[in-house]
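Look over the model before reading on.

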Amino acid sequence: MPSPDPQSTCGLVGQTPINPQAPCGGLQPICPIESRLPPHEPEQIPLRTLQFKRGLLHELRKGNATKDQIRLHNLVQQLPRAIIIGVRKGGTRALLEMLNLHPAVVKASQEIHFFDNDQNYARGIDWYREKMPFSFPHQITIEKSPAYFITEEVPERIFKMNSSIKLLIIVREPTTRAVSDYTQVLEGKERKNKTYHKFEKLAIDSNTCEVNTKYKAVRTSIYTKHLERWLKYFPVEQFHIVDGDRLITDPLPELQLVERFLNLPSRISQYNLYFNATRGFYCLRFNIVFNKCLAGSKGRIHPEVDPSVVSKLQRFFHPFNQKFYQITVSLAVENG
Ligand code: A3P
């Protein structure tokens, strides 16, 4: 595995691709896809067809199934065996929806916020389980709540529930992620007719002219700081990092890596993913009759940001990225 080369910044000041040998364009790929595809023996699990998944389970999710149907099909509400813990605006919804294409995966549709919200956490693990969708016993349930990644108490709480749980983190180039975060908050403020500062004003401290590390959108993008907290509880091999920039441009290889990490047979194919030129993103094809794109709130147009501020942020994130790179390389080796 190559060691990070600070010189190799694709000519962009301060921009550090996770893999220095990767083509320019942010945080991708974490390391060459081929080296992240170890030979493996997937679990032998009986698989239902996607049509079936869109049938009974879909009805169940809408609350339309009877108790007899639940008993007859031996359906259960299972605690998640994998959680997408973040990062906010990294592409968490796209990742969950795309994984849900797999016949052995069942997603919790809503963000449950069990581990990051004290009130929910106090309701206990049975409350959490009851929030889970019905599934067949051989299927695995996945939930996503991106606030988990940055919330202090969460690693310990998840560890107490299941110390061998698999943890998925999806990251994007940190400055882009921060702007995406800002754009989401801005939209909320505009909806409520509230005034809001420009990104530049929030991201740069006007007294020092340095990056404002008190700004949450900046802090969230310091991935390595958060990951280090998680590593106090979980060994590296329980994490898998998804390259969110690549999930946008070429999702299938990233999804195949996740299938392997979850020890699932490869079932998501190019058939399940088609590029929708109007949306400018990949959309999902479950079967011949059922397609869907993500909601319009995913894939917002970002405001223009002063290029000098972008460069300053990229320079700021550079050392943190280097560290994150080192951890994720060891992670790829462990998982390989
Ligand atoms: P932008 O709105 O900034 O473009 P999250 O689900 O964690 O909130 O992440 C939202 C981001 O997912 C979007 O950020 C978008 O770029 C990204 N994304 C990745 N794949 C997507 C897809 N197929 N459709 C829509 N958005 C996708």
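This is a predicted model: local features need pLDDT of at least 70, side-chain atom pairs count only at pLDDT 80 or more; totals for chains, interfaces and linings use all residues.

**Fold, cores and ligand shell**

Q: How many helices and strands does the protein chain have, and what percentage of its residues count as buried?
A: The secondary structure comes to 14 helices and ten strands. The chain has 336 residues, and the buried part is 39%.

Q: How many residues are in the largest nonpolar core, and how many in another core apart from it?
A: In the largest nonpolar core, Ile 83, Leu 95, Leu 99, Leu 168, Ile 169 and Ile 170 touch the most other members. That core has 49 residues. Another core lies apart from it, with Ala 178, Val 179, Leu 186 and Ala 203 among its members. Its count is 14 residues.

Q: Which residues does Ile 83 contact, leaving aside its neighbours within four places in sequence?
A: Neighbours within four places are set aside. The contacts of Ile 83 are then Ile 142, Glu 143, Lys 144, Tyr 148, Ile 158, Ile 165, Leu 167 and Leu 168.

Q: Which helix gives the largest share of the shell around the ligand?
A: The ligand is surrounded by 18 residues, and Thr 92, Arg 93, Ala 94, Ser 180 and Phe 281 are the closest. Helices H3 (92-99), H8 (174-191) and H12 (244-249) and strand E9 each supply at least two shell residues. By class, the shell has seven nonpolar, six polar and five charged residues. The largest share, three residues, comes from H3.

Q: What span does H8 reach from its first C-alpha to its last?
A: H8 has 18 residues. At 1.5 Å a residue, 26 Å is expected. The span of H8 is close to that, at 26 Å.

Q: Which residue with positive phi follows H8?
A: Buried residues of H8 include Pro 174, Ser 180 and Leu 186. After the helix comes a residue with phi near 60 degrees: Asn 193.

Q: Why is one side of E8 and of E10 left without a neighbour in the sheet?
A: Three strands form an open antiparallel sheet in the order E8-E9-E10. E8 (273-276) and E10 (291-292) stand at the edges, so each has a single partner strand.

Q: What is the bridge partner of Arg 285 in E10?
A: E9 (residues 281-285) and E10 run antiparallel, joined by two bridges. In E10, the partner of Arg 285 is Asn 291.

Technical notes. Residues are numbered from 1 along each chain as its sequence is written. Two strands pair if DSSP finds at least two bridges between them. Helices (H or I, at least four residues) and strands (E, at least two) are DSSP runs, numbered from the N terminus. A residue is near a molecule or strand if its C-beta atom, placed from the backbone, lies within 6 Å of it. Ala, Val, Leu, Ile, Met, Phe, Trp, Tyr, Cys and Pro count as nonpolar, Asp, Glu, Lys and Arg as charged, and the others, Gly among them, as polar. The expected span of a helix is 1.5 Å times one less than its number of residues. A residue is buried if 20 or more other C-beta atoms lie within 10 Å of its own, exposed if 12 or fewer, and partly exposed in between; C-beta atoms are placed from the backbone. A nonpolar core is a set of buried Ala, Val, Leu, Ile, Met, Phe, Trp, Tyr and Cys residues joined through C-beta atoms within 7 Å. Two residues are in contact if their C-beta atoms, placed from the backbone, lie within 7 Å.
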